[in-house]
Amino acid sequence: MEAAMGLMRRIPPKHTETALSALLSLMPHHSPDLLSQVDQPLQVLCDVECGKQFILCEYNRDADSYRSPWSNKYHPPLEDGSLPSSELRNLEIEANDIFAIYRDQYYEGGISSVYMWEDDNEGFVACFLIKKDGSKTGQGRRGYLEEGAWDAIHVIEVGPEEEENTNYRLTSTVMLTLTTNNESSGTFSLSGSIRRQMSMRLSVADGHLCNMGRMIEEMESKLRNSLDQVYFGKTREMVCTLRPPSEVTQMRMPES
(Lines give C-alpha, C1' and ligand atoms only; values in the text may rest on other atoms or scores of the structure.)
Protein backbone atom coordinates (compact mmCIF):
# COMPACT_ATOMS: atom_id res chain seq x y z
CA MET A 1 0.00 0.00 0.00
CA GLU A 2 2.85 2.39 0.83
CA ALA A 3 4.47 1.70 -2.55
CA ALA A 4 1.16 2.22 -4.34
CA MET A 5 0.63 5.60 -2.66
CA GLY A 6 4.20 6.60 -3.49
CA LEU A 7 3.54 5.75 -7.13
CA MET A 8 0.31 7.73 -7.22
CA ARG A 9 2.05 10.79 -5.79
CA ARG A 10 4.41 10.73 -8.77
CA ILE A 11 1.82 10.15 -11.48
CA PRO A 12 0.73 13.28 -13.42
CA PRO A 13 -2.86 14.19 -12.47
CA LYS A 14 -4.19 13.64 -16.00
CA HIS A 15 -3.02 10.00 -15.79
CA THR A 16 -4.37 9.39 -12.28
CA GLU A 17 -7.57 7.69 -13.37
CA THR A 18 -5.73 5.19 -15.59
CA ALA A 19 -3.10 4.45 -12.93
CA LEU A 20 -5.71 4.06 -10.19
CA SER A 21 -7.74 1.66 -12.30
CA ALA A 22 -4.64 -0.47 -12.85
CA LEU A 23 -3.82 -0.51 -9.13
CA LEU A 24 -7.39 -1.48 -8.22
CA SER A 25 -7.15 -4.48 -10.53
CA LEU A 26 -3.78 -5.47 -9.04
CA MET A 27 -4.76 -4.81 -5.41
CA PRO A 28 -8.52 -5.40 -5.08
CA HIS A 29 -8.20 -6.00 -1.32
CA HIS A 30 -6.92 -2.41 -0.93
CA SER A 31 -9.71 -0.84 -3.01
CA PRO A 32 -11.39 1.06 -0.11
CA ASP A 33 -8.08 2.58 1.01
CA LEU A 34 -7.03 3.56 -2.52
CA LEU A 35 -10.37 5.14 -3.37
CA SER A 36 -10.45 7.12 -0.12
CA GLN A 37 -6.84 8.34 -0.23
CA VAL A 38 -6.23 9.02 -3.93
CA ASP A 39 -7.66 12.29 -5.26
CA GLN A 40 -8.69 12.20 -8.91
CA PRO A 41 -9.21 15.11 -11.33
CA LEU A 42 -12.69 16.50 -10.85
CA GLN A 43 -15.52 15.77 -13.28
CA VAL A 44 -18.56 17.94 -14.03
CA LEU A 45 -22.25 17.17 -14.61
CA CYS A 46 -25.15 19.46 -15.45
CA ASP A 47 -28.22 19.66 -13.21
CA VAL A 48 -30.90 19.84 -15.90
CA GLU A 49 -33.55 20.97 -13.42
CA CYS A 50 -31.56 24.08 -12.41
CA GLY A 51 -29.51 24.51 -15.58
CA LYS A 52 -26.28 24.65 -13.55
CA GLN A 53 -23.18 22.52 -13.58
CA PHE A 54 -21.89 20.83 -10.43
CA ILE A 55 -18.73 18.92 -9.57
CA LEU A 56 -18.61 15.17 -9.07
CA CYS A 57 -16.50 13.59 -6.35
CA GLU A 58 -16.60 10.86 -3.75
CA TYR A 59 -18.17 13.24 -1.22
CA ASN A 60 -21.46 13.72 -3.10
CA ARG A 61 -21.65 10.18 -4.43
CA ASP A 62 -24.06 7.46 -3.33
CA ALA A 63 -23.83 4.20 -5.31
CA ASP A 64 -23.50 5.37 -8.94
CA SER A 65 -25.39 8.65 -8.47
CA TYR A 66 -24.20 12.14 -7.55
CA ARG A 67 -26.09 14.74 -5.53
CA SER A 68 -26.42 18.23 -6.95
CA PRO A 69 -25.84 21.08 -4.46
CA TRP A 70 -28.37 23.20 -6.35
CA SER A 71 -31.47 20.96 -6.36
CA ASN A 72 -30.35 18.53 -3.62
CA LYS A 73 -31.33 15.68 -5.96
CA TYR A 74 -29.30 12.75 -7.22
CA HIS A 75 -28.33 12.26 -10.87
CA PRO A 76 -29.32 9.73 -12.05
CA PRO A 77 -32.29 9.61 -9.64
CA LEU A 78 -31.75 7.64 -6.43
CA GLU A 79 -34.70 7.05 -4.11
CA ASP A 80 -32.86 6.36 -0.85
CA GLY A 81 -29.79 8.55 -1.35
CA SER A 82 -28.33 10.16 1.79
CA LEU A 83 -29.18 13.83 2.31
CA PRO A 84 -27.99 16.42 4.86
CA SER A 85 -30.31 17.59 7.62
CA SER A 86 -32.45 20.66 6.96
CA GLU A 87 -30.19 22.85 9.12
CA LEU A 88 -27.05 21.65 7.38
CA ARG A 89 -28.72 21.95 3.98
CA ASN A 90 -29.46 25.63 4.63
CA LEU A 91 -25.79 26.16 5.55
CA GLU A 92 -24.79 24.29 2.37
CA ILE A 93 -26.95 26.55 0.19
CA GLU A 94 -25.43 29.68 1.73
CA ALA A 95 -21.91 28.26 1.36
CA ASN A 96 -22.45 27.58 -2.36
CA ASP A 97 -23.59 31.16 -2.97
CA ILE A 98 -20.63 32.65 -1.06
CA PHE A 99 -18.06 30.28 -2.56
CA ALA A 100 -19.25 31.14 -6.09
CA ILE A 101 -18.34 34.79 -5.39
CA TYR A 102 -14.94 33.71 -4.02
CA ARG A 103 -14.36 31.62 -7.16
CA ASP A 104 -15.16 34.49 -9.52
CA GLN A 105 -12.89 36.91 -7.66
CA TYR A 106 -9.88 34.59 -7.36
CA TYR A 107 -10.24 32.40 -10.45
CA GLU A 108 -12.03 34.64 -12.95
CA GLY A 109 -14.58 31.91 -13.67
CA GLY A 110 -14.68 28.15 -13.31
CA ILE A 111 -17.10 25.85 -11.50
CA SER A 112 -17.50 25.43 -7.75
CA SER A 113 -19.55 23.15 -5.51
CA VAL A 114 -19.91 22.78 -1.74
CA TYR A 115 -21.20 19.66 0.00
CA MET A 116 -21.87 19.09 3.70
CA TRP A 117 -22.82 16.06 5.75
CA GLU A 118 -22.99 14.98 9.39
CA ASP A 119 -20.20 12.89 10.90
CA ASP A 120 -20.18 10.47 13.82
CA ASN A 121 -18.71 12.98 16.32
CA GLU A 122 -21.75 15.29 16.54
CA GLY A 123 -20.06 17.68 14.16
CA PHE A 124 -20.12 17.91 10.38
CA VAL A 125 -17.81 17.82 7.35
CA ALA A 126 -17.75 20.32 4.49
CA CYS A 127 -16.15 19.83 1.09
CA PHE A 128 -15.35 22.87 -1.07
CA LEU A 129 -14.47 22.15 -4.71
CA ILE A 130 -13.21 24.34 -7.55
CA LYS A 131 -12.51 23.30 -11.13
CA LYS A 132 -11.04 25.76 -13.61
CA ASP A 133 -10.42 24.96 -17.27
CA GLY A 134 -7.71 27.40 -18.32
CA SER A 135 -7.31 26.26 -21.93
CA LYS A 136 -7.96 28.45 -24.97
CA THR A 137 -11.20 26.56 -25.66
CA GLY A 138 -12.26 26.59 -22.00
CA GLN A 139 -12.46 29.38 -19.44
CA GLY A 140 -8.97 30.78 -19.96
CA ARG A 141 -9.26 34.51 -20.58
CA ARG A 142 -5.73 35.08 -21.84
CA GLY A 143 -5.52 32.21 -24.32
CA TYR A 144 -1.94 31.17 -23.54
CA LEU A 145 -2.54 27.48 -22.77
CA GLU A 146 -3.28 24.70 -25.19
CA GLU A 147 -4.54 22.67 -22.23
CA GLY A 148 -4.88 23.74 -18.61
CA ALA A 149 -6.74 22.57 -15.53
CA TRP A 150 -6.78 23.53 -11.86
CA ASP A 151 -8.65 21.22 -9.48
CA ALA A 152 -8.88 22.23 -5.82
CA ILE A 153 -10.38 20.03 -3.09
CA HIS A 154 -10.82 21.41 0.43
CA VAL A 155 -12.29 19.12 3.09
CA ILE A 156 -12.97 20.64 6.53
CA GLU A 157 -13.88 18.55 9.55
CA VAL A 158 -15.80 20.69 12.04
CA GLY A 159 -15.96 19.37 15.58
CA PRO A 160 -18.87 19.87 17.98
CA GLU A 161 -19.05 23.26 19.66
CA GLU A 162 -17.29 23.41 23.02
CA GLU A 163 -18.30 26.51 24.94
CA GLU A 164 -17.54 29.28 22.43
CA ASN A 165 -14.93 27.53 20.29
CA THR A 166 -14.79 24.75 17.71
CA ASN A 167 -11.99 22.68 16.23
CA TYR A 168 -11.51 22.88 12.46
CA ARG A 169 -9.27 20.51 10.50
CA LEU A 170 -8.66 21.37 6.85
CA THR A 171 -7.15 19.00 4.28
CA SER A 172 -6.49 20.62 0.90
CA THR A 173 -5.36 19.11 -2.39
CA VAL A 174 -4.57 21.00 -5.59
CA MET A 175 -3.95 19.31 -8.95
CA LEU A 176 -2.44 21.40 -11.74
CA THR A 177 -1.99 20.49 -15.41
CA LEU A 178 -0.89 22.81 -18.21
CA THR A 179 0.38 22.45 -21.78
CA THR A 180 1.57 25.21 -24.10
CA ASN A 181 2.11 25.01 -27.83
CA ASN A 182 3.28 28.22 -29.48
CA GLU A 183 6.27 29.64 -31.35
CA SER A 184 8.01 31.15 -28.33
CA SER A 185 7.86 28.13 -25.98
CA GLY A 186 7.17 25.25 -28.33
CA THR A 187 5.37 22.30 -26.78
CA PHE A 188 5.77 22.29 -23.01
CA SER A 189 3.85 20.27 -20.42
CA LEU A 190 3.85 20.61 -16.64
CA SER A 191 1.65 18.85 -14.10
CA GLY A 192 1.64 17.90 -10.44
CA SER A 193 -0.34 17.85 -7.23
CA ILE A 194 0.19 19.05 -3.68
CA ARG A 195 -1.61 18.33 -0.41
CA ARG A 196 -1.44 20.18 2.91
CA GLN A 197 -3.29 20.11 6.25
CA MET A 198 -4.17 22.80 8.77
CA SER A 199 -5.87 22.61 12.16
CA MET A 200 -7.27 25.57 14.08
CA ARG A 201 -9.46 26.21 17.11
CA LEU A 202 -11.66 29.21 16.43
CA SER A 203 -14.52 31.10 17.99
CA VAL A 204 -17.95 30.42 16.50
CA ALA A 205 -19.08 34.00 17.11
CA ASP A 206 -18.50 34.90 13.46
CA GLY A 207 -20.10 31.71 12.18
CA HIS A 208 -18.76 28.55 10.59
CA LEU A 209 -18.70 29.95 7.05
CA CYS A 210 -16.47 32.86 8.01
CA ASN A 211 -14.04 30.59 9.83
CA MET A 212 -13.91 28.04 7.03
CA GLY A 213 -13.59 30.76 4.39
CA ARG A 214 -10.59 32.34 6.10
CA MET A 215 -8.89 28.95 6.43
CA ILE A 216 -9.43 28.11 2.75
CA GLU A 217 -8.22 31.53 1.63
CA GLU A 218 -5.06 31.21 3.72
CA MET A 219 -4.43 27.65 2.58
CA GLU A 220 -4.90 28.43 -1.11
CA SER A 221 -2.42 31.29 -0.84
CA LYS A 222 0.15 28.89 0.65
CA LEU A 223 -0.55 26.26 -2.00
CA ARG A 224 -0.17 28.73 -4.86
CA ASN A 225 3.15 29.91 -3.43
CA SER A 226 4.33 26.32 -3.02
CA LEU A 227 3.38 25.43 -6.58
CA ASP A 228 5.15 28.53 -7.85
CA GLN A 229 8.34 27.71 -5.96
CA VAL A 230 8.38 23.93 -6.41
CA TYR A 231 7.08 23.45 -9.94
CA PHE A 232 7.62 26.71 -11.79
CA GLY A 233 10.68 27.80 -9.83
CA LYS A 234 12.52 24.47 -10.15
CA THR A 235 11.54 24.13 -13.81
CA ARG A 236 12.85 27.62 -14.58
CA GLU A 237 16.07 26.85 -12.73
CA MET A 238 16.63 23.60 -14.66
CA VAL A 239 15.82 25.16 -18.03
CA CYS A 240 18.13 28.12 -17.44
CA THR A 241 20.91 25.76 -16.28
CA LEU A 242 20.63 23.48 -19.30
CA ARG A 243 19.98 26.24 -21.82
CA PRO A 244 21.03 29.67 -20.56
CA PRO A 245 19.22 32.68 -21.99
CA SER A 246 20.98 34.26 -24.97
CA GLU A 247 21.72 37.48 -23.05
CA VAL A 248 23.53 35.56 -20.32
CA THR A 249 25.45 33.50 -22.87
CA GLN A 250 26.65 36.60 -24.69
CA MET A 251 27.81 38.20 -21.44
CA ARG A 252 29.89 35.14 -20.62
CA MET A 253 31.55 34.95 -24.05
CA PRO A 254 35.19 36.13 -23.91
CA GLU A 255 36.09 39.15 -25.95
CA SER A 256 38.04 38.42 -29.12
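The model is a prediction, so local features need pLDDT of at least 70 and side-chain atom pairs count only at pLDDT 80 or more, while totals for chains, interfaces and linings use all residues. Residues are numbered from 1 along each chain as its sequence is written, and side-chain values use heavy atoms, with hydrogens and water left out.

## The big picture

Let's start with the whole chain. The protein chain has six helices and ten strands. Here, helices (H or I, at least four residues) and strands (E, at least two) are DSSP runs, numbered from the N terminus. Along its principal axes, the C-alpha trace spans about 80 × 45 × 40 Å. Of the 256 residues, 39% are buried; buried means under 20% relative accessible area, exposed over 50%, and partly exposed in between, using a 1.4 Å probe and protein chains only.

Next come the contacts, where a contact means heavy atoms within 4.5 Å. Among contacts with a separation of 6 or more, 51% are between residues 24 or more positions apart.

## Two sheets

Now for the strands. Strands of a sheet pair through backbone hydrogen bonds, either parallel or antiparallel. Two strands count as paired if DSSP finds at least two bridges between them.

| Strand pair | Sense | Bridges |
|---|---|---|
| Strand 6 and strand 7 | antiparallel | eight bridges |
| Strand 9 and strand 10 | antiparallel | 18 bridges |
| Strand 4 and strand 5 | antiparallel | two bridges |

Met 116 stands opposite Ala 126 in strand 7, Thr 180 has Phe 188 in strand 10 as its bridge partner, and Arg 67 stands opposite Tyr 74 in strand 5. Strand 6 and strand 7 form a hairpin with five residues between them. In that turn, Glu 122 has a positive phi of about 65°.

## Helices on the sheet

How do helix 4 and helix 5 cross? The axes of helix 4 (residues 86-107) and helix 5 (residues 208-242) come within 12 Å and cross at roughly 30°. That makes the two helices roughly parallel, since angles under 35 degrees count as roughly parallel, over 145 as roughly antiparallel, 65 to 115 as roughly perpendicular and the rest as oblique. The axes are lines fitted to C-alpha atoms, for helices over the stretch in contact, and angles run from 0 to 180 degrees between N-to-C directions. On the helix 4 side, the contact includes Leu 91, Ile 98 and Tyr 102; on the helix 5 side, Ile 216, Glu 220 and Arg 224 are among the residues involved.

Finally, zoom in on strand 6 (residues 111-118), where Ser 113 sits. Six of the eight residues of strand 6 are buried, so the strand is largely enclosed by the rest of the structure. Ser 113 is buried, with a relative accessible area of 0%. Leaving out residues up to four places away in sequence, Ser 113 touches Phe 54, Ile 55, Pro 69, Asn 96, Cys 127, Phe 128 and Leu 129. A polar atom of the Ser 113 side chain lies 3.0 Å from the backbone nitrogen of Ile 55. Ser 113 and Ile 98 are 15 residues apart in sequence and 11 Å apart in space, C-alpha to C-alpha.

Is Ser 68 buried or exposed? Ser 68 is buried, with a relative accessible area of 0%. Ser 68 is in the loop between strand 4 (65-67) and strand 5 (74-75). The backbone nitrogen of Trp 70 is 3.1 Å from a polar atom of the Ser 68 side chain. Leaving aside neighbours within four places in sequence, Ser 68 is in contact with Asp 47, Phe 54, Lys 73, His 75 and Tyr 115.

Methods:
A polar contact is a pair of N or O atoms within 3.5 Å; within protein, one must be able to donate a hydrogen and the other to accept it, and residues adjacent in sequence count only if both atoms are side-chain atoms.
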